[in-house]
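Please look over the chain shown here. The report moves from the whole fold to single residues.

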Amino acid sequence: MPVTFDPGQVQRNRSMRPLTTLKAGGTAESLFVARTADELAETAEYAQTHDWPTTVIGAGSNVLPSDRGVPGLVVVNRTTSLTVEADGLVTADTGCSFQELFLKTAQASLAGLEFAVGIPGSVGGALVSNAGAYRSNISEFLTDIEVVFEGRRRWVEPAFLQFSYRDSLLRRPSPPPCTLVQIRLRLPKGDAWAIYKEATDYQRQRISKQPPPASAGSFFKNVEDRGFAESLPQLGEKLKAAGVVPAGFLIEQAGLRGVRHGGAMIARRHANFIVNVRSATATEIRQLAGLVKRRVFERFGVMLEEEVLYLGDWSGYQEVWG
């Protein structure tokens, strides 16, 4: 396919704040909104063949752009095509809402994505962080992923992204230039009533825990360590058996619920949420996250790892907790 991307369509110096759920950060040096899979792929092909550093975002729910901005090209993925076949094969653009993917598959009585209800963000973002909940992950249902890699559009096997818990190749330090265009996944047939009941239970739990102000969703990954889990007397037996220690549990036990730094606050309803309550800067949010990591390490000897990805130019960033 010939590349038809026109760099003249790019917008300059656009604020990233309205493009992220944390409502923080500086400007995108260059910005393009892709509305079809072909537009997304052609933009990525052009950028990769011209060595143009590119950052792709979807709903912006798991990212924090630097106050100094994001250099290079920011592509906002607004692709929405989604098809569900009777045999359980699903093809979706990576710009689709993760929740919309669940709803469309549930309407076809396809099971497996009940955990996705209430998770903010796009399908592409879900892939980058191998999103999941309640012991399930999106990667376990994938059959193929369409990517633009090394300037060429092609389908690859899921192993290409090297998935692990809340992680993939694209979250690693200095990841290769790679844009996720579409996915195919296969889901088993299920009972529609049971699917909606399970999803409703998950949604009810989320509504009771998640705070309403601007946030990125869960800020830190849970800790998977059976020995550590079993050493914590306050932790529930089911979590001990699973060998999982929720980050929110550790943050709360460290006495950080409700702590503020500038316009950022650790949510009172759920301690693994950092919320923007008063026009917080990206720096204030990251510094508060740094406080969380330090206090949890001092109390428990474990270093929490962010789910949130820091985008852009963070050179010169400094922690404030000595």
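**Overall build**

This is a predicted model. The chain contains eight helices and 19 strands. Its radius of gyration is 20 Å, and the globule rule gives 20 Å for 322 residues, so the chain is as compact as a globular protein of that length. Along the principal axes, the C-alpha atoms fill a box of roughly 60 × 50 × 30 Å.

How much of the chain is buried? Buried residues account for 53% of the 322 residues. The accessible surface is about 14400 Å². Carbon and sulfur atoms contribute 50% of that surface.

Contacts reach across the sequence. Of those with a separation of 6 or more, 65% join residues 24 or more positions apart.

Charge comes next. There are 36 positive and 34 negative side chains. The centres of the two sets are 8 Å apart.

Helix H1 covers residues 37-49 and has 13 residues. It reaches 18 Å from its first C-alpha to its last, close to the 18 Å expected at 1.5 Å a residue. How many residues of H1 are buried? Ten of the 13 are, which leaves H1 mostly covered. Among them are Leu40, Tyr46 and the alanines Ala37, Ala41, Ala44 and Ala47. Glu42, Glu45, Thr43 and Gln48 are also buried. Just after H1, Asp51 takes a positive phi of about 50°.

Helix H8 covers residues 282-300. Its 19 residues should span 27 Å at 1.5 Å a residue, and its end C-alpha atoms are 27 Å apart, so the two values agree. Which residues of H8 are buried? The list runs Ala282, Ile285, Arg286, Gln287, Leu288, Ala289, Gly290, Leu291, Val292, Val296 and Phe300. An α-helix has 3.6 residues a turn, so residues three or four places apart point the same way. In H8, Val292, Val296 and Phe300 are buried. After H8 comes Gly301, with a positive phi near 75°.

Tyr310 sits in strand S19, residues 309-311. Leaving out residues up to four places away in sequence, Tyr310 touches Leu64, Phe219, Arg286 and Ala289. Both Arg286 and Ala289 are buried residues of H8. Thr105 is another matter: its C-alpha is 32 Å from that of Tyr310, and the pair are 205 residues apart along the chain.

**Positive phi values**

| Residue | Phi |
|---|---|
| Lys23 | about 55° |
| Asp51 | about 50° |
| Ser109 | about 60° |
| Gly301 | near 75° |

Lys23 is not a glycine. Lys23 lies in the loop between strand S1 (11-15) and strand S2 (27-34). Is Lys23 buried, partly exposed or exposed? Its relative accessibility is 39%, so it counts as partly exposed. Ser109 is not a glycine either. Its place is in the loop between helix H2 (98-107) and helix H3 (123-128).

**A loop alanine**

Where is Ala59? It lies in the loop between strand S3 (54-57) and strand S4 (63-65). With a relative accessible area of 37%, Ala59 is partly exposed. Which residues does Ala59 touch, not counting those up to four places away in sequence? They are Leu19, Thr21, Gly121 and Ser122. Arg166 is 107 residues from Ala59 in sequence, and their C-alpha atoms are 18 Å apart in space.

Methods:
Residues numbered from 1 in each chain as written. Predicted model: local features only at pLDDT ≥ 70, side-chain atom pairs only at ≥ 80, totals over all residues. Heavy atoms only, no water. Helix = DSSP H or I, 4+ residues; strand = E, 2+ residues; numbered from the N terminus. Rg over C-alpha atoms; globule rule 2.2 N^0.38 Å. Buried < 20%, exposed > 50% of the residue type's maximum accessible area, 1.4 Å probe, protein only. Contact = heavy atoms within 4.5 Å. Areas by Shrake-Rupley, 256 points an atom, 1.4 Å probe, with all protein chains shown as cover. Lys, Arg positive; Asp, Glu negative; His and termini not counted. Charge placed at Lys NZ, Arg CZ, Asp CG, Glu CD. Expected span 1.5 Å × (residues − 1).
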